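User: I am new to this structure and would be grateful for a close look at one part of it. Please set that part in the context of the whole.

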Protein chains: 2
Amino acid sequence: MRTLLGMVALVCVATAWASAQSAPQELIQPIEAAAVANPAMMELGKKLYFDPRLSRSGFISCNSCHNLSMGGSDNLKTSIGHNWQKGPINAPTVLNSSMSVAQFWDGRAVDLKEQAGGPIANPGEMAFTHELAIGLLASIPQYVEEFERVFDTPVVDIDRVTKAIAVFEETLVTPNARFDRWLKGDRSAITATELEGYQLFKSSGCAMCHNGPAAGGRAFRKMGIVEPYRTDNPAEGRFAVTGRDADRFSFKVPSLRNVELTYPYFHDGAADTLAESVDVMGRIQLGKRYSPEENAKIVAFLKTLTGDQPSFQLPQLPPSSDITPRPNPFD
Amino acid sequence: MRTLLGMVALVCVATAWASAQSAPQELIQPIEAAAVANPAMMELGKKLYFDPRLSRSGFISCNSCHNLSMGGSDNLKTSIGHNWQKGPINAPTVLNSSMSVAQFWDGRAVDLKEQAGGPIANPGEMAFTHELAIGLLASIPQYVEEFERVFDTPVVDIDRVTKAIAVFEETLVTPNARFDRWLKGDRSAITATELEGYQLFKSSGCAMCHNGPAAGGRAFRKMGIVEPYRTDNPAEGRFAVTGRDADRFSFKVPSLRNVELTYPYFHDGAADTLAESVDVMGRIQLGKRYSPEENAKIVAFLKTLTGDQPSFQLPQLPPSSDITPRPNPFD
């Protein structure tokens with residue numbers, strides 16, 4: 001009896017071990033679809049996200065630079081701001097940004113809500129003020145009604161505006177990438193070449209920084225660990241927030257989710273293609289010189305990270321009223 | 001027998017007459033929903049309509065100035081073009097534009113297809129060239145595949161691009177306005193005040209120009225028939241096309257459909273509100289000075305012309321390939 005119990009126990013242990021082996025913990029985990037806790041607030045946030053009246057010109061909305069038709073980015077090296085000003089840094093994608101440790105390349109905003117207020121008041125971006133944006137929204141009866149429905153008060157303030165935008169942005173996740181299906185057990189979801197790319201991605205060290213569900217976004221890392229990164233872009237990264245010398249040129253590790261859609265790459269937008277990005281990252285971060293075949297395999301893997309894009313009806317914005325201040329983009 | 005037949009005939013005539021009386025022919029007719037003859041071409045056109053890569057900067061799409069979240073307009077006096085150039089004229093709404101006699105305020109394009117090519121190559125608007133736009137699209141494999149599916153050839157040319165955009169734009173009609181429901185017999189669809197506004201609109205002469213399903217768009221009329229219209233805007237209207245002195249300051253009569261959403265008004269965008277527009281139109285076109293009550297009634301009527309806005313999923317644009325030329329908005 002004792003021997004029998006022992007044998008059963010051994011079989012159980014062996015089974016558990018085999019099971020763990022067949023589903024090893026990967027450094028990247030699948031993205032799950034967003035659970036929308038407050039649909040009404042999400043819908044309000046969606047309208048605000050698309051509303052160019054939050055800018056001084058009446059022309060630039062959140063969606064202008066984080067375009068949800070284009071991977072949540074503008075696909076420009078640096079963005080175009082009010083009066084065609086050249087932005088200082090590449091606009092990161094909004095997709096899956098809720099998974100980031102902090103917002104902006106230097107992490108100066110702790111969360112999406114804090115981030116959302118930044119561009120509205122940034123003189124180089126939407127160039128408005130929170131006060132003017134609030135006054136504008138409060139002059140639009142349909143917005144006031146919607147704020148009342150969502151927040152149980154008709155008072156429009158920047159806290160509620162950015163809260164609603166953040167709630168919408170939290171829904172902008174991209175599940176069901178081919179790589180996620182592979183992670184969940186569908187071995188046919190990626191090709192042999194793509195799998196080799198993933199193995200190379202892990203074995204050569206990319207996954208040390210690009211890990212978690214977003215394949216990035218969880219830490220700050222110096223740009224140029226092995227070799228210095230050469231750029232004309234003056235951004236100093238995390239140093240601007242902490243003032244610590246060790247944080248100079250340290251940037252938030254970008255998510256690699258949907259990276260096929262979010263070109264150009266790096267904080268300065270200097271790399272136009274994934275091949276170039278993989279080459280530069282290998283050299284300056286890992287001290288590796290990938291062969292063309294290796295590079296192509298990693299690029300093939302990266303393209304398996306494109307997930308289902310946010311899918312929703314184009315929102316309709318409530319019209320301005322007779323007392324809504326009119327923008328004058330050219331004054 | 002003869003008398004009986006005669007009486008029957010008389011009753012029939014009387015019935016027909018009464019029927020005609022109860023549904024008199026109105027000067028404005030209901031808008032019907034668009035029949036989509038070629039859904040695949042429409043979907044391609046929708047992507048192109050939203051694609052900022054058709055502009056030199058990679059930032060301005062058709063939807064930038066004809067924003068389908070905002071009544072198909074940008075709600076600016078004049079639009080913002082490449083390098084923040086100030087547009088020469090108010091951007092007309094794209095909604096129901098398929099019903100117009102011709103396109104642009106001066107009618108210089110015969111149809112939507114011809115119109116669509118204009119802004120792409122206009123140095124003050126999207127500032128691209130047709131050749132560069134075509135080369136760009138042809139470098140994007142998913143677009144080439146889609147052109148092949150739609151046109152039975154992978155050849156991308158400006159004729160096919162503008163054809164697809166026009167087919168999409170033809171679907172941007174706005175049926176089911178409250179006024180349309182009234183026209184179709186639902187007497188409760190508009191209020192007594194709104195009906196009085198409509199009667200005043202007809203009796204004072206507005207409907208002489210603003211008629212047909214679009215309540216406008218069918219003819220060119222001089223701006224300032226009774227009194228001259230004072231403006232700093234140098235546009236000369238239809239004269240620019242015909243060279244005839246009689247056409248000086250003659251502009252296409254704008255559609256009043258969705259006019260609640262398409263502020264500001266007139267070719268120069270000088271009137272911010274419907275009340276101001278009705279006042280100016282009354283004075284300079286009809287020699288009428290509406291009382292505040294009359295003005296308010298006409299404005300109330302105009303707001304019954306807001307129909308169902310186009311409703312569709314935000315399109316996803318195919319990503320650029322490694323050989324797609326990258327925009328440089330700041331060169």
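This is a predicted model: local features need pLDDT of at least 70, side-chain atom pairs count only at pLDDT 80 or more; totals for chains, interfaces and linings use all residues.

User: At what angle do helix 2 of chain A and helix 7 of chain A pack, and which residues make the contact?

Analyst: Chain A has a mean pLDDT of 94, and 93% of its residues reach 70 or more. One stretch of chain A, residues 12-22, stays under 50 in pLDDT, and there the model has 0 contacts beyond four places in sequence. The model as a whole scores ipTM 0.92 and pTM 0.93.

Two packed helices are described by the angle between their axes and by the distance between those axes. Helix 2 of chain A covers residues 39-50 and helix 7 of chain A covers residues 158-170; their axes lie 7 Å apart, and the packing angle is about 100°. Since angles of 65 to 115 degrees count as roughly perpendicular, helix 2 of chain A and helix 7 of chain A are therefore roughly perpendicular to each other. On the side of helix 2 of chain A, the contact is made by A:Met41, A:Met42, A:Leu44, A:Gly45, A:Lys46, A:Leu48 and A:Tyr49. Helix 7 of chain A contributes A:Val161, A:Ala164, A:Ile165, A:Val167 and A:Phe168. By class, the residues of this contact divide into 10 nonpolar, 1 polar and 1 charged.

In the contact between them, 22 residues of domain 1 of chain A meet 27 residues of domain 2 of chain A. The side of domain 1 of chain A that touches domain 2 of chain A has 10 nonpolar, 9 polar and 3 charged residues.

Beyond chain A lies its partner. Contact between the chains involves 36 residues of chain B and 36 residues of chain A. On the side of chain B that touches chain A, 19 residues are nonpolar, 11 polar and 6 charged. The same surface serves both copies, as 100% of the contact residues of chain B recur in chain A.

Key: Residues are numbered from 1 along each chain as its sequence is written. Chains are lettered from A and ligands numbered from 1 in the order in which they are written. Two residues are in contact if their C-beta atoms, placed from the backbone, lie within 7 Å. Ala, Val, Leu, Ile, Met, Phe, Trp, Tyr, Cys and Pro count as nonpolar, Asp, Glu, Lys and Arg as charged, and the others, Gly among them, as polar. pLDDT is the predictor's confidence in each residue, from 0 to 100. Axes are lines fitted to C-alpha atoms, for helices over the stretch in contact, and angles run from 0 to 180 degrees between N-to-C directions. Helices (H or I, at least four residues) and strands (E, at least two) are DSSP runs, numbered from the N terminus. Angles under 35 degrees count as roughly parallel, over 145 as roughly antiparallel, 65 to 115 as roughly perpendicular and the rest as oblique.
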